[in-house]
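Me: Hey, I'm new to this one. Could you walk me through it?

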Amino acid sequence: MHSQQVTAEPPSNDRAERDSTMGDVPGVRRSPASGADRAPFVFDVIIAGCGPTGAMLAAELRLHDVRVLVLEKETQPASFVRIVSLHIRSLELMAMRGLLDRLLQHGRQRPAGGFFAAIPKPAPKGLDSAYAYLLGIPQPVIERLLEERAIELGAQVRHGCAVAAFEQDGEGVTVELADGEQLRSRYLVGCDGARSTVRKLLGVGFPGEPSRTETLMGEMEVGVPQEEIAAKVSEIREPHQRFWLRPFGEGVYSVVVPAAGVSDRAEPPTLEDFKQQLRAIAGTDFGVHSPRWMSRFGDATRLAERYRVGRVLLAGDAAHIHPPIGGQGLNLGVQDAFNLGWKLAAQIRGWAPETLLDTYQAERHPVAEDVLDNTRAQMELLSPEPGPQAVRRLLTELMDVDEVNRLLIEKITATGIRYDFGAGPDLLGRRLRDIDVKQGHLYGLLHRGRGLLLDRTERLTVGGWSDRVDYLPDPTAALDVPCVLLRPDGHVAWIGDEQQDLDDHLSRWFGKPAG
Ligand SMILES: Cc1cc2nc3c(=O)[nH]c(=O)nc-3n(C[C@H](O)[C@H](O)[C@H](O)COP(=O)(O)OP(=O)(O)OC[C@H]3O[C@@H](n4cnc5c(N)ncnc54)[C@H](O)[C@@H]3O)c2cc1C
C-alpha cells in the first residue's frame, strides 16, 4: 500500500453544502446524524478506482487545490500489458496539461487511419490537429504516469482499499471500505470500471445489450517468418474479420481470434486456446509461444442512465461499456474526467454557476451514446455474414470520399465533438486545435486548467474573473475570429467582440465575478 499525505487546504466553499437541497434528489438518503455530529471533511472528493479515468480526474481536481483521495482496490498494477491506442483528442488533452512528452517516451506513434472497423484506409490529409497520429502505449504505463502525476500534484492514493458501501446526505458522502473503515467527503466519483460498485449501490440503471460475441486477444511471439504471416493473414481476413496477427516489434504480435468454442468463461484463456483457434481459422498456429498477456472480451454495450445522483457521480467504464473495436474506451473515460474535473472543482471552490455540474452529464452522455453506436456499427461490419460483408464493401468504397473518411476518423479520435452551447458559429462548442500564438503555443497556456480569453481586439477584459480565467492579448493572426473564450477543457465557450456579451458568458461558465 502506498500513500501520500495531502497538504492542509483552506476550507471549501461548496455550493450544494450551502443550498443543502440534496436530500430531495432520488437515491439520496439523509444520514441520521446532523452535520454538527459528523466527522469533519478531510477530503472534498473521494474517487473510487485508480484506473486511467480516476487518476486523470484526481490530477484535474488537484489543479484547483481540491482535496482528493483515490481508493484503489488492487494492490498491484495489472499483470497483463495491453497496448492501447491513445487517439488525437486524448493526445491533445495530455498536451494541454504538459503530459504528452512523458507519454511519448513510452509509446509508439502510428498513422491515425485504418481504425474504423479495421478498414485499411489511410487517414484523410490535413487532419485538424497538431497531434494527428495515434500513440500505441501499454495501458499500465498510462495508469502509472497518470497516477504519478496525480500524486505529484498532491492527491492521496491508497491501494488495497475497495469501496464497499456509501451513504450520502445533504452535506456529503460517507464512504465505507471493505474493512469497515469510514471516510467522509463532499463528493464521491465512481471511476471503478465496468462492474462499478458505486453504480450498483447507487441503483443507476445500466441498460444495453449483453455480450453476444466473445473474442480472444493477446500478445505473443511467433515461430514463422513475418512474410508468411502477412500472406496468410491477408488471405483469411476477408471472411473472418475478428482475426488478426499484427506485429508490435521485437517479434511480438498482437493476436485476435474469435473465442467461439473456448468454453470456460470464468478461466483466463490459455496459449493452447489461442493455438486451437488459430488452427481452426488459418490451418496453422504460426508457432505462437511466450505470451506476454492473454485475455478474453465480449461485446456487451451498456450506458448508465444517469451520470450523477446528488453528490455521487460516475465516469469512465463505470458509466459506459462497449467492445474495444476502434480503441475508444480509455480515451472516452479520460475525456469524461477532463470534462468533469474543473466543473466539480468549481462546485467545491464555491464559484460554480447553478447548473455547471449538470452540464457534465448533458455533454458527456450523448458523446458516450455516439461511441456505443459506432462500436455497434463496427461490430456488425466484422460479421462474416453476406449482408454485413456487403455493407462493409460499400463503406470501404465510400471511405474514398474524403468527407466520409473524415467523419469516421473524427468519431474515433473524438475531434468531431461539438457540445451544444446554443446557437452560434460552427466553432462554438468545439475544441480549439493547438495553434501557434505569439507567446508560444496555445496548449502550453492551458497547463493550469484555467479558462482563457484570446483577444485579438485587445479591448476586452476578464475583469472580476481573472482568478479563474487568463487573458491573452493579440494572440495570433491564425485565429480568424476577434475573440474566443476557452473553457479549461479547451472547448470554445464564446466567440465575439463585445464586453457585455463576454461578461454574460463568463458568468455562464465561471460564475459570479470576484469582489
Ligand atoms: C482487449 C481490450 C483492448 C482495449 N483497447 C483499448 C484501446 O486501444 N484504446 C482505448 O481507449 N481503450 C481500450 N480498451 C478499453 C480500456 O481498457 C477501458 O475503457 C479503460 O481501462 C477504462 O478505464 P477506467 O479507469 O474507466 O476503468 P478501469 O481501467 O476498469 O479502472 C477501474 C479501477 O477501479 C478499481 N476498482 C474496481 N472496483 C473498485 C472498488 N469497489 N473500490 C476501489 N477501486 C475499485 C479497479 O481495480 C481498477 O483499477 C480496451 C479494452 C479491452 C478489453
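Me: Which elements do the buried residues of H2 pack against?

Reply: Keep in mind that this is a predicted model. In it, the buried residues of H2 pack against strands E1 (43-48), E2 (68-72) and E9 (182-190), and also against the helices H3, H5 (139-152) and H9.

Me: How many residues of H2 are buried?

Reply: The count is 11 of the 11 in H2, which spans residues 52-62, so the helix is largely enclosed by the rest of the structure. Among them are Pro-52, Met-56, Leu-57 and Leu-61, along with Glu-60 and Arg-62.

Me: You mentioned H3. Is that one mostly covered or mostly open?

Reply: H3 is mostly covered, with 9 of its 9 residues buried. The buried residues include Ile-88, Leu-91 and Ala-95, and also Arg-89 and Glu-92.

Me: What comes after H3?

Reply: Gly-98 follows H3, and its phi is positive, near 70 degrees.

Me: And at what angle do H3 and H9 pack?

Reply: The angle between H3 (residues 88-96) and H9 (residues 329-349) is about 40 degrees, and their axes are 10 Å apart. The crossing of H3 past H9 is left-handed.

Me: Which residues make that contact?

Reply: From H3, they are Arg-89, Ser-90, Leu-93, Met-94 and Met-96. H9 brings in Asn-331, Val-334, Gln-335 and Phe-338.

Me: How many of those are nonpolar, polar or charged?

Reply: The contact of H3 with H9 has 5 nonpolar residues, 3 polar and 1 charged.

Me: Now H9 and H10. How do those two pack?

Reply: H9 and H10 (residues 359-381) pack at an angle of about 170 degrees, with their axes 10 Å apart. Since the cut-off is over 145 degrees, H9 is roughly antiparallel to H10.

Me: Which residues meet there?

Reply: On the H9 side, Leu-332, Gln-335, Asp-336, Asn-339, Leu-340 and Lys-343 take part. They meet Thr-359, Tyr-360, Glu-363, Arg-364, Val-367, Ala-368 and Val-371 in H10. By type, the contact of H9 with H10 divides into 6 nonpolar, 3 polar and 4 charged residues. Gln-335 of H9 is listed in the contact with H3 and in the contact with H10.

Me: Switching topic: how many aromatic pairs are there?

Reply: The structure holds 6 aromatic pairs. One of them joins Tyr-419 and Phe-421: the pair is tilted, with 6.2 Å from centre to centre and 40 degrees between the planes.

Me: Are Tyr-419 and Phe-421 buried or exposed?

Reply: Tyr-419 counts as buried because its relative accessibility is 5%, and Phe-421 counts as buried because its value is 6%. The cut-off for buried is under 20%.

Me: Which residues do ring pairs link into a cluster?

Reply: That cluster consists of Trp-342, Trp-351 and Phe-510.

Me: Is Asp-402 buried, partly exposed or exposed?

Reply: With a relative accessible area of 34%, Asp-402 is partly exposed.

Key. Residues are numbered from 1 along each chain as its sequence is written. This is a predicted model: local features need pLDDT of at least 70, side-chain atom pairs count only at pLDDT 80 or more; totals for chains, interfaces and linings use all residues. Side-chain values use heavy atoms; hydrogens and water are left out. Axes are lines fitted to C-alpha atoms, for helices over the stretch in contact, and angles run from 0 to 180 degrees between N-to-C directions. Helices (H or I, at least four residues) and strands (E, at least two) are DSSP runs, numbered from the N terminus. A crossing is left-handed if the near helix is turned anticlockwise from the far one by less than a right angle, and right-handed if clockwise. Contact means heavy atoms within 4.5 Å. Ala, Val, Leu, Ile, Met, Phe, Trp, Tyr, Cys and Pro count as nonpolar, Asp, Glu, Lys and Arg as charged, and the others, Gly among them, as polar. Rings of Phe, Tyr and Trp (its six-membered ring) pair if their centres lie within 6.5 Å; planes under 30 degrees apart count as stacked, over 60 as edge-to-face and the rest as tilted. Buried means under 20% relative accessible area, exposed over 50%, partly exposed in between (1.4 Å probe, protein chains only). Angles under 35 degrees count as roughly parallel, over 145 as roughly antiparallel, 65 to 115 as roughly perpendicular and the rest as oblique.
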